[in-house]
Amino acid sequence: MKLLEVKNLCITDIKNNEEIVSNVSFELESNTCLGIVGESGSGKSITTKAILGLINSNLEVTGSAKFREIDLLKAKGNVMRKIRGKQVCMILQDVMSSFDSLYTIGYQMIETICENTNVSKPKAKDIAIEALDKMSIREPEQVIKKYAHQLSGGMLQRCMIAIAMSMKPDIIIADEPTTALDCINQKEVVEQFKYLREITGTSVILISHDLGVIKHLAQKILVMKDGKSVEYGDAKDVLKKPSHEYTRYLINTRLDLTEEFRKSMTMEEVV
């Protein structure tokens with residue numbers, strides 16, 4: 001079943017009439033993951049932010065983005081507020097700046113849960129602790145008492161996923177969720193997204209420049225370059241038989257980096 005259908009999405013800077021994103025189309029089905037890949041500046045993040053109405057007012061968005069028969073690009077403010085945060089959640093790229101340093105993790109989780117689900121604070125606290133526990137965070141009762149600077153990047157990323165999970169959304173948009181993490185924490189976060197889909201059926205739009213992460217999670221892949229869609233299809237087809245030279249470049253670059261890492265580890269073992 002289609003959850004989200006985006007057609008001919010364009011984003012134009014009305015100040016200079018520059019087209020930033022041009023005619024991007026894709027679909028997201030229930031309990032699936034769509035990977036959006038491309039280098040920095042390719043238009044990945046701004047495309048998904050535009051769908052949720054989270055871009056600058058100087059940018060004009062045209063096309064359509066239907067979520068359960070509601071065109072999000074035409075939805076009024078009160079309609080979007082009901083959808084954004086509860087039915088469609090977005091996990092931002094920089095988790096360190098996503099949390100307010102003046103308040104505990106628990107305070108921010110409870111506030112978000114209360115705002116979007118209309119439950120009491122004691123109930124929201126229970127939901128927050130349960131969500132952290134499902135993210136394999138030890139002693140969640142203690143974690144909710146901590147501030148952002150007291151937790152690692154990997155822990156904060158899992159806290160952010162826990163907040164999104166506690167909303168029980170239909171869709172989670174994750175913007176470069178593993179970029180600032182080491183390889184161990186990257187693996188943990190990828191596994192948490194897999195687990196999230198298994199236990200909730202939530203669909204995921206995963207934005208990343210890392211094809212390794214995309215390969216482990218996505219059923220479909222959208223490749224973007226310079227604000228345009230250059231390839232879109234089933235993940236296995238895109239990765240094994242890419243039709244566009246840019247996709248081949250991304251795959252080969254990933255393979256080269258992996259090979260260099262393997263060689264460096266082999267040399268260390270010899271020494």
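Tyr103 counts as partly exposed because its relative accessibility is 37%; buried means under 20% relative accessible area, exposed over 50%, and partly exposed in between, with a 1.4 Å probe and protein chains only. This is a predicted model, in which local features need pLDDT of at least 70 and side-chain atom pairs count only at pLDDT 80 or more, while totals for chains, interfaces and linings use all residues. Residues are numbered from 1 along each chain as its sequence is written, and side-chain values use heavy atoms, with hydrogens and water left out.

The loop between helix H3 (95–98) and helix H4 (105–117) contains Tyr103; helices are DSSP runs (H or I) of at least four residues, numbered from the N terminus. Together with Leu102 and Tyr107, Tyr103 forms a nonpolar surface patch of about 340 Å² accessible area. Areas come from the Shrake-Rupley method with a 1.4 Å probe.

## Gln108

Gln108 is located in helix H4 and counts as buried, because its relative accessibility is 10%. Beyond its neighbours within four places in sequence, Gln108 is in contact (heavy atoms within 4.5 Å) with Phe99, Asp100 and Tyr103.

## Cysteines

The structure holds 0 disulfides, a disulfide being a pair of cysteine sulfur atoms within 2.5 Å. Cys89 is in no disulfide, and the nearest cysteine sulfur, in Cys114, is 15 Å away. Cys89 counts as buried because its relative accessibility is 5%.

For Cys159, the closest cysteine sulfur is that of Cys89, at 15 Å, which is too far for a bond. Cys159 also counts as buried, at 0% relative accessibility.

Methods
Patch = residues over 30% accessible without salt bridge, like charges linked within 9 Å, V, L, I, M, F, W, Y side chains within 5 Å. Salt bridge = Lys/Arg side-chain N within 4 Å of Asp/Glu carboxyl O. Helix = DSSP H or I, 4+ residues; strand = E, 2+ residues; numbered from the N terminus.
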